[in-house]
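Please take a look at the model below.

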Amino acid sequence: MRVVVADDSVLLREGLVRLLSEAGFTVTGQAGDPDTLLRSVRTERPDVAIIDIRMPPTYTTEGLEAALAIRAEDPNIGVLVLSQHIETHYAMQLVASGATGVGYLLKDRVADIAEFIDAIRRVGSGRSVIDPLVVSKLVERPREQSPLVTLSQRERDVLSLIAEGRSNHAICERLFLSPKTVEAHVRNIFSKLGIEEATDDNRRVLSVLAYLRA
Amino acid sequence: MIRRPQALVLLLGIAVASAAAVGALTTTNARPAPGATALHVAAGLSFIGVGVVVWSREPANRTGLLTAAVGLAWFVTDVRYLPSSVAFTVADLVGAPLAYAVLAHLAVAFPSGRLRSRSERAVVVIAYGWLILENLAQDVFWAPADSRCDCVRNLIVVHRDAHLHGIVGNVQQAINVVLAFVVLRIVLDHWSKATPPGRRALAPVFWASGPILLAVIALQAVGAFGSLKGLDAALAYLTPLALMSLPFGFLAGFVHSRLSHLAVGHLVIELGGAPPRGRLRDTLARALGDPSLMVAYWMPDFRAYVDTDGRRVDLPTEQNQRAATFIERAGEPVAALLHDPSLKNDPWLIDAVAAAAGLALENERLHADISAQLKEVRASRARIVEASDAERRRLERDLHDGAQQRLVSLSLALRLAGDQLGNAPEPLVRETLNAAADQLRLAIAELRELASGIHPAILTEAGLGPALQSVAERAPLPVALTVPTDRLPRPVEAAAYFVVCEAVANICKHADAHSATVSARRLDGRLLVEVADDGVGGADPSHGSGLRGLADRVAALNGRIDVVSPPGQGTRIVVTIPCG
């Protein structure tokens, strides 16, 4: 899988490149600012662009804007945005940009090498990845008179994994459940929450996140 | 009131007038009609009388002296009644023209008595020079033919030639008319540029200029074309009448201005009734008859003049057509009246108004002083808050771009090191490395919380709405949220954000509430933020420094915080901040 890495910190960028190379990725480009990133993406057409949200010149949300620009130019290129702060606002902006092949992860996740590499692969294969912290913040948020309180603990776990962008198959593996059980849970969850069940996993992420955020 | 020089001029004028009257009535030489003589004397005397009165009232203003001088010059022509050839020659040479030259000077210099420009000075000098010398050219060709005695004669006649005398005379008359129009042009120019109070002052010359111009043209026409059906006889009556319109108009204006002085009496009464603050200017403007009046107050701390709102006021310069009168009390400047320059022509009025208003102005000055200081304090408070926000943003950014990045790199390096050990025979080392990486992750998370508490990046990046959304998502109780979608000025967003954070934290700590609502919306140029809960209420806003510190922050933006917290009925905090 071919990736481009964009981060203005040279130290971190080089660490990432080493990690990715060792994990079998081909790093086709590196960038320290949005312009270099966009140029690199246009020429290399990687499977995934891994982008730090804060980049020059203002060190605010240049990375996010670059990611959205890449999505607009070529929806087949996956974008994985890394951020020091986790904000559902930005996660929603990304997911709403087209829902296939987007990821939003807390930057510290890079140290969970196996998880991180899994996330890149999922984004590269057109799935969505939402940081578990974003999801847990939303799921565990106190609510008044919400159908969410009627969910069982297991159903909540399944809901969280759906929101993180996992497929039913991945949920089976995570929770050691049979596919049939997971399917039953998913159906129950959607009917309890009153959301129409989307056939496509990525639409499912969007509708669940929107529901949780409302 | 009449001082010595003025008295002398008056006596001299009366003497000269009497002599002229006697001369005209007793002359054997082309005796004028008694009625014409009476008007002639009245015209000269009216200039002298009005001139002396004005001069004694305003000795610094040359207008009075010039007016009197017109009257005196008017009688120079009458020395021709003296049985002397020298007197006759002088009278013919400078007599009538001198009065018109001084009249032109008066008209151009009116009402300040000063000539306003180099070109005006040039016109006056030319008028004097020309009118005194014009007869010289004519008189060298002329000897009085109608002398009934040979006792007087023209002393400077060189060549007796009636034809040449006539031609030179015609040229002269044409130039006289041109000169009269030049003076008229200047008067009209002054009039068109004058402000309403300025026009009041200019009125006598403006209104008299028409009749006088007509008289001058008629006189020149008679000189050029002869008697013209008795016009010359009529002019002996009409010319003095036309000229008299000036002093009488002047007198009327003077009486009017005396009447306006009565307004000072009303002013004293009004000020005694202590006019409401801020209305002093209107009261003074009325007394001075100058609606454009501005009052500026002296601020000793700033060494500058400010208006009632504490804004700096620029004092008049030559260019901006204003004049200033400075008011002092006990040697200290108190205020300046910025008024129409024409009021300087009546210094008594402006001085009287200034004296009457001194105490009220001092009072108003103190108010203006306090307003100015308050403004300064407010501005500095806003600057302090803004500076502290900037410092918070800088700190957050430093933590983010420095420490956090390094720690993430470090944790990545530790993990990579652990992986590189692979299944090497040192499981303990690997475990230690992993434990270190876990510790590091906690440290990163703590640092993230710290940085976010100092100044949340999302507030700067995405604004109040997403930032409050984030607060609501983190809150340990349900928070219903309504937020604006547009951006607001940065200090307003920061103040609203920190108030909501503090209020939500207080609800969690003290309110024992089930849920809360946070709403922020724009209303009439203000941001209205409400945080309400369904808890125990009874919160005392004077306790606890958190909200008090934030009240200062909000006040720095001219906003306010209200806390309503009846026991048992929840707490409602309402923040209003002007946001343009």
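In strand β3 (residues 48-52) of chain A, Ile51(A) is the bridge partner of Ala6(A). This is a predicted model, in which local features need pLDDT of at least 70 and side-chain atom pairs count only at pLDDT 80 or more, while totals for chains, interfaces and linings use all residues. Residues are numbered from 1 along each chain as its sequence is written, and chains are lettered from A and ligands numbered from 1 in the order in which they are written.

Strands β1(A) and β3(A) pair in the parallel sense over four bridges. Here, two strands pair if DSSP finds at least two bridges between them. Helices (H or I, at least four residues) and strands (E, at least two) are DSSP runs, numbered from the N terminus.

β1(A) also runs parallel to strand β2 (residues 26-31) of chain A, and five bridges join the two. In that pairing, Arg2(A) stands opposite Thr26(A). The table puts the two pairings of β1(A) together.

| Partner of β1(A) | Sense | Bridges |
|---|---|---|
| β2(A) | parallel | five bridges |
| β3(A) | parallel | four bridges |

How many residues of strand β1 (residues 2-6) of chain A are buried? Four of its five are, where buried means that 20 or more other C-beta atoms, placed from the backbone, lie within 10 Å of the residue's own. For chain A as a whole, 46% of the 214 residues count as buried. Its secondary structure comes to 10 helices and six strands.

Now turn to chain B. An open sheet of four strands there has the order β2-β1-β4-β3, with antiparallel pairing. Its edge strands, β2 (304-306) and β3 (323-329) of chain B, each pair on one side only. Strand β1 (residues 294-299) of chain B is joined to β2(B) by three bridges, and Tyr297(B) has Val306(B) as its bridge partner in β2(B).

Finally, where do the chains meet? 31 residues of chain B are in contact with 26 residues of chain A, contact meaning that C-beta atoms, placed from the backbone, lie within 7 Å. The elements giving two or more residues to chain B's side are α10 (347-421), α11 (427-454), α12 (457-462) and α13 (464-474) of chain B. Among these, α10(B) gives the most, with 13 residues.

Technical notes. A residue is buried if 20 or more other C-beta atoms lie within 10 Å of its own, exposed if 12 or fewer, and partly exposed in between; C-beta atoms are placed from the backbone. Two residues are in contact if their C-beta atoms, placed from the backbone, lie within 7 Å.
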